[in-house]
Amino acid sequence: MSAVMQPEKRAEDAIVSIRGLTKTYANGFSALKGIDLEIRRGEIFALLGPNGAGKTTLISIVCGIVNASAGVVIADGFDNVREFRRARARIGLVPQELHTDAFETVWATCNFSRGLFGFKANPEHIEHVLKDLSLWDKRNDRIMTLSGGMKRRVLIAKALAHEPSILFLDEPTAGVDVELRHDMWNVVRRLRERGTTIILTTHYIEEAEEMADRVGVILKGKIILVEDKDVLMKKLGKRELALHLNAPLSAVPMALTDLNLELQDNGSVLVYRFDAGGEATGISRLLNRLGAESIQFHDLKTSETSLEEIFVNLVKERA
Amino acid sequence: MNWLAIAAIYKFEMSRWFRTIGQSVASPVISTSLYFVVFGAAIGARMGEIEGISYGAFIIPGLVMLSILNESIGNASFGIYFPKWSGTIFEILSAPVSWGELLLGYVGAATTKSMLLGILILVTARLFVPYQIAHPFWTVCFLLLTAASFSLFGFLIGIWADSWEKLQTVPLLVITPLTFLGGAFYSIDMLPSPWREITLFNPVVYLISGFRWSFYGVSYVPVGYSVAAIAAFLMSCVLIARWMILSGYRLKRH
């Protein structure tokens, strides 16, 4: 599989267009090796990859924090180097680390961010953002007094202060407890509903599975896959049917060896694997043949491969 | 021009100053007042006039310059070094702000602080030593030019420094000796040759000489040289700052 470029769609629905992006650091480390990627307007795009794959470098170049060695980035129609003012004004960034001005209040820091991006003061908008992120009660608190989760919300509020059309979230829920993580997911969904395009990197594959419309996998500085999440799950996912047998088997009967079967739990569970996307699952045929072999079961359960398993397999294959 | 961004950075830097007003203002005013008491009122009373000016009055321009230089460098270098150190620089780098706007915001705020401090020290000095200002317009010009150029220099140090130690080193090891040897406490005429000639390579000599001229109408080097020297230093700092910001030198990961 290779990076999916869809030139025919670029003009109308690509909000971020990256072409031939490379970055080689001064120490010789080649972090990005010719990245081509298109982010569609209004989508949630999850960029997955192991540590050191190039996720943060990619985001940093798009946002202007790192200079590219070569390549072009177009954000909402504007070149991020030649037309950096207009490009950057459309982008919001929530970094991975909790970098905040410890001595500032939440209210002051959000207003600072809005001004910094060249937007006139708009207290109503800042109020709306803070309320949306459950930060309104903390608006007069100094950031240093807030918990880690709250600081992350402040970073999101700062990134949204100038009403960006593209929001980069670099590991938005790293170190955040489960409840807060679900809150954040809801915030991200609400942003998408209002038309913001969201690009997130995450280590929690569950997060991408839960939220993303499309998934990109980056490995050793190259995009190895870009796919609609649902298509990917169907294409690469496997489903399992586990049958809990009345009487354990010592081995899969000879008559059934042509099926994709495996015994587990000392022969008490018979597992049948089939393609997640296939129309013909073969379950009826399996049950008929089990009946013919007089193999009886008292319970059955189906499950699907998670995106995490798909991701781990992909990375293993390409490593 | 992104005026709103310049205003945001300027306001942020000024509010940082007001938040630590005791340290920012009281400390340099008190230490400079001690110089006036010791060198001006106590020792100065026993010393003869220099170029027809009482010693207490003679050292005022030099002491004001000493404070302005230190405060300009200290304020501007901290202003840009701290976001680098804390990581909040990511927001500045990702904002639609040009190198010139960045300079106007940070250096403009540091210059304002130094100017206010310089004026405050001049007012305080009046309590200890009587002095006249012959050319008030040029006093303000020298104050502004010096505060702006050394704030710029401090900004460069803040970008260059990659540790707190380096941030302290330049002011301590370079600026303080240059100021003390730049004629703050004596006239260059009083030095024997060849030190008198060597000292002309010290840029601070031109600052103090020009500033003192605006007070008392006497100077060791022609006033035009002083203005030209400061202007050249200012332009050099602007060009280096431009290169640093555009290339991302010690601001971006390379």
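Me: Let's start with chain A. What percentage of its 319 residues is buried?

Reply: Keep in mind that this is a predicted model. In chain A, buried residues account for 37% of the 319 residues.

Me: And how many helices and strands does chain A have?

Reply: Chain A has eleven helices and 14 strands. Its C-alpha trace spans about 75 × 45 × 40 Å along the principal axes.

Me: Into which domains is chain A divided?

Reply: There's domain 1, covering 7-234, and domain 2, covering 238-304. The C-alpha centres of these two domains of chain A are 45 Å apart.

Me: What about contacts along the sequence of chain A?

Reply: Take the contacts between residues at least 6 apart in sequence: 73% of them join residues at least 24 apart.

Me: Now chain B. At what angle do the axes of helix α6 and helix α9 of chain B cross?

Reply: Roughly 155°, and the axes come within 8 Å. Angles over 145 degrees count as roughly antiparallel, so α6(B) and α9(B) are roughly antiparallel to each other. The crossing of α6(B) past α9(B) is left-handed.

Me: Which residues meet there?

Reply: From α6(B), which is residues 136-160, you'll find B:Trp138, B:Thr139, B:Phe142 and B:Thr146. They meet B:Leu207, B:Gly210, B:Phe211, B:Ser214 and B:Phe215 of α9(B). Sorted by class, this contact of α6(B) with α9(B) has five nonpolar, four polar and no charged residues.

Key. Residues numbered from 1 in each chain as written. Chains lettered and ligands numbered in written order. Predicted model: local features only at pLDDT ≥ 70, side-chain atom pairs only at ≥ 80, totals over all residues. Helix = DSSP H or I, 4+ residues; strand = E, 2+ residues; numbered from the N terminus. Buried ≥ 20, exposed ≤ 12 C-beta atoms within 10 Å, placed from the backbone. Contact = placed C-beta atoms within 7 Å. Axes fitted to C-alpha atoms, helices over the stretch in contact; angles between N-to-C directions. Parallel < 35°, antiparallel > 145°, perpendicular 65-115°, else oblique. Left-handed = near helix turned anticlockwise from the far one by under 90°. Nonpolar A, V, L, I, M, F, W, Y, C, P; charged D, E, K, R; others polar. Domains from an automatic or database assignment.
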